[in-house]
Amino acid sequence: MTAAPEMQEIVDPVPGAGEPHLPAQPDLVQLLTPEGERVEHPDYALDVTDEELCSLYRDMALVRRWDVEATALQRQGELGIWASLLGQEAAQVGAGRAMGTGDMAFPTYREHGVAWTRDVDPLHVISLFRGNDLGGWDPVARRFNLYTVVIGAQCLHATGYAMGIQRDDAEAAALAFLGDGATSQGEVNESFIWAATFSAPVVFFCQNNQYAISVPIERQSRVPLFQRAAGFGFPGVRVDGNDVLAVLAVTRAALARAREGSGPTFIEAFTYRMGAHTTSDDPTRYRLAGELEEWKLRDPIARLKAHLSRSGKAGPDFFAAVDAEGDELAVRIRKGTLEMPDPAGTEMFDHVYAEQTEEIAAQRAEFLSYHEGFEQ
Amino acid sequence: MTTLTLGKALNTGLRKAMEDDPKVVLMGEDIGKLGGVFRITDGLQKDFGEARVVDTPLAEAGIIGTAVGLAMRGYRPVCEIQFDGFVFPAYNQIVTQVAKIHARSRGRLPMPITIRIPFGGGIGAVEHHSESPEAYFAHTTGLKVVAVSNPADAYWMLQQAIACPDPVVFFEPKRRYWDKADVDLDVAPPPLFTSRVVRAGDDLTLLAYGPMVKTALQAAQAAEEEGRSIEVIDLRTLSPLDLGPVEESVRRTGRCVVVHEAQTNLGLGAEIATRVTESCFHSLEAPVLRVGGYDVTYPPSKLEEEYLPDLDRVLDVVDRAMEF
């Protein structure tokens, strides 16, 4: 009987846990260290102006301020629920800012940072979580699809949309967002097969935030997620998801590759959900406080701030101005939420079909007549 | 007039729809070179190319999920589900996505997707090639559901379903694919979501759709020989239901029987019986009765003739309705 081979540790859910740096991961693309030091990567050069760096900082800071305000509004009973993006600002802003105007985003339900980059009004996202509508923005005009809650379903939509781009002979790409948990879904794997076999111009942007609600990544995969792509026949890249510059560079390259007809890419943005899954969740039941403390040292916004400060690209006036803008945004969100009118009761009957059926028209009339009965 | 089998009428209808609208894209398993396991898409890939007649990977959720994305991009996907029992891997996409995206987007994202499903038994196959899952889809708000019974409807209704701005689940009676009839390719068809009296009568109203329309007509013929005059209505649309002609009929006949292959429990017949009872209560001489499959797993094919409603079982229930 031969000895069992030594078990190889192939999953490292939190590389470098116990120390504040992501350790040397040969496959991890990073352009900005947690300390704010700009580093180069042989495959991903990035030319950014000082203005662009400041603009990325502003995006992330404002998105976080929005997120904090929304969480507060939920705690005060003004929103039914809120899915916080705390800690994932770099992944979302970097991916969103990599998109071209003709590209189309297919978000999950946490992509507020991407929504921001597509000029979706925060109040149109808030209205969904307040229960006023099922998604208030125009997905066609904003090129940002409605949030999709059934996990992974949007990856097939993005792939089909990309097949449409091919048929239109257009220079555009679809960007599908998904989480680490979604990679276990059959439909997500089907979308990989479809994208690969049709060489569809779609990029799968997976934010591996280490947890699917409470279940850690080890329960979803025995290999690092980005390595899965190889089995489907397209490139997989692991990028430091808390490094907005690396995310921007990697996503830009993947989208360009898709647009030029070279097919899909899977991006694993290695990050951490610093908050709860949603306001209904209690992460103290399934993860240790120390883990969060370690990830706080890799905070995506703090690292860009450190870089801007130390390099002299931005000073206290700039940061104060962004803070002030954030406070104004928070006031606008709060006021807009509290003043948001409730939807009319008939609204639920009006959009079930493009061509209304007599059956639903009759129920609508019955509904109105029932309520008029109370007014007499 | 052209004589067509029901299958060829579908094929001809698909061809016409593709000629009329370059955004129509067919998707499905084996629909290209093979022309589909029932040959409904025969010759279409050769004439319209692989971009418009897509042999997909073998994954039904993928067919419907990518159709959603294509629809968002302005295409009109027509998806073939190879057999009724194979629609369930796609059930999530159909029910949680296709059916809801129009409402969720307040009409900004129409879903003009046609989902073709060969349904019903009688071909001596395994159970997942013989089922009648229409009630699941008729129950789902946001979908429209139709079933065709004859070559002329097959030709027209398929084109109308493809042109419809809402998603349509299109049921094809697979055991009738080889039935022939004359089809007038030039006459203006009745609207898609309407039922139709296919045989006039005075004593009882017999409702059917899909493969059971032929059975119902045979039963009415046999009943006539016994001196009973039965009106047969082909429902054609299962969601929305078009019960106007049914109510008009039942108010005259006072008796109503619904026939379908699907299991009787919570089948279409249950909803129809309720609505007819509500609207025609004072005209009814007998309760609305149902003839359907038994509430069992679809049996092995040696037993399917016992399971499926046939002429004798329909006449038996007609007798019961007449005896009240």
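1. Two strands pair if DSSP finds at least two bridges between them. That criterion applies to strand β4 (residues 202-208) of chain A and strand β8 (residues 265-270) of chain A, which run parallel and are joined by six bridges. Within this pairing, Glu268(A) of β8(A) is the bridge partner of Cys206(A). The model under discussion is predicted.

2. On its other pairing, β4(A) is joined to strand β3 (residues 174-179) of chain A, again by six bridges and in parallel. Here Cys206(A) is the bridge partner of Leu178(A). The two strands belong to a right-handed β-α-β unit, in which helix α7 (residues 186-197) of chain A is the helical element.

3. These pairings form part of an open sheet of six strands in chain A, ordered β1-β7-β8-β4-β3-β2, with parallel pairing. For β1(A), the pairing with strand β7 (residues 236-240) of chain A is parallel and comprises two bridges. Val29(A) is placed opposite Val239(A) of β7(A).

4. Helix α9 (residues 244-259) of chain A lies across β1, β3, β4, β7 and β8 of chain A, and runs at about 170° to β8(A).

5. How many of the residues of strand β4(A) are buried? Seven of the seven are, so the strand is largely enclosed by the rest of the structure. In a regular strand, side chains alternate between the two faces of the sheet. For β4(A), both faces are covered: one side carries Val202(A), Phe204(A), Cys206(A) and Asn208(A), the other Val203(A), Phe205(A) and Gln207(A), and all are buried.

6. A separate point concerns Tyr211(A), which is located in strand β5 (residues 211-212) of chain A. Tyr211(A) counts as buried because it has 23 C-beta neighbours inside 10 Å, the cut-off being 20 or more. When residues up to four places away in sequence are not counted, Tyr211(A) touches Pro216(A) and Arg273(A). Its C-alpha atom is separated by 10.0 Å from that of Ala276(A), a residue 65 residues apart from Tyr211(A) along the chain.

Conventions
Residues are numbered from 1 along each chain as its sequence is written. Chains are lettered from A and ligands numbered from 1 in the order in which they are written. This is a predicted model: local features need pLDDT of at least 70, side-chain atom pairs count only at pLDDT 80 or more; totals for chains, interfaces and linings use all residues. A residue is buried if 20 or more other C-beta atoms lie within 10 Å of its own, exposed if 12 or fewer, and partly exposed in between; C-beta atoms are placed from the backbone. Helices (H or I, at least four residues) and strands (E, at least two) are DSSP runs, numbered from the N terminus. A crossover is right-handed if, with the strands pointing away from the viewer, the path from the first strand over the helix to the second runs clockwise. Two residues are in contact if their C-beta atoms, placed from the backbone, lie within 7 Å. Axes are lines fitted to C-alpha atoms, for helices over the stretch in contact, and angles run from 0 to 180 degrees between N-to-C directions.
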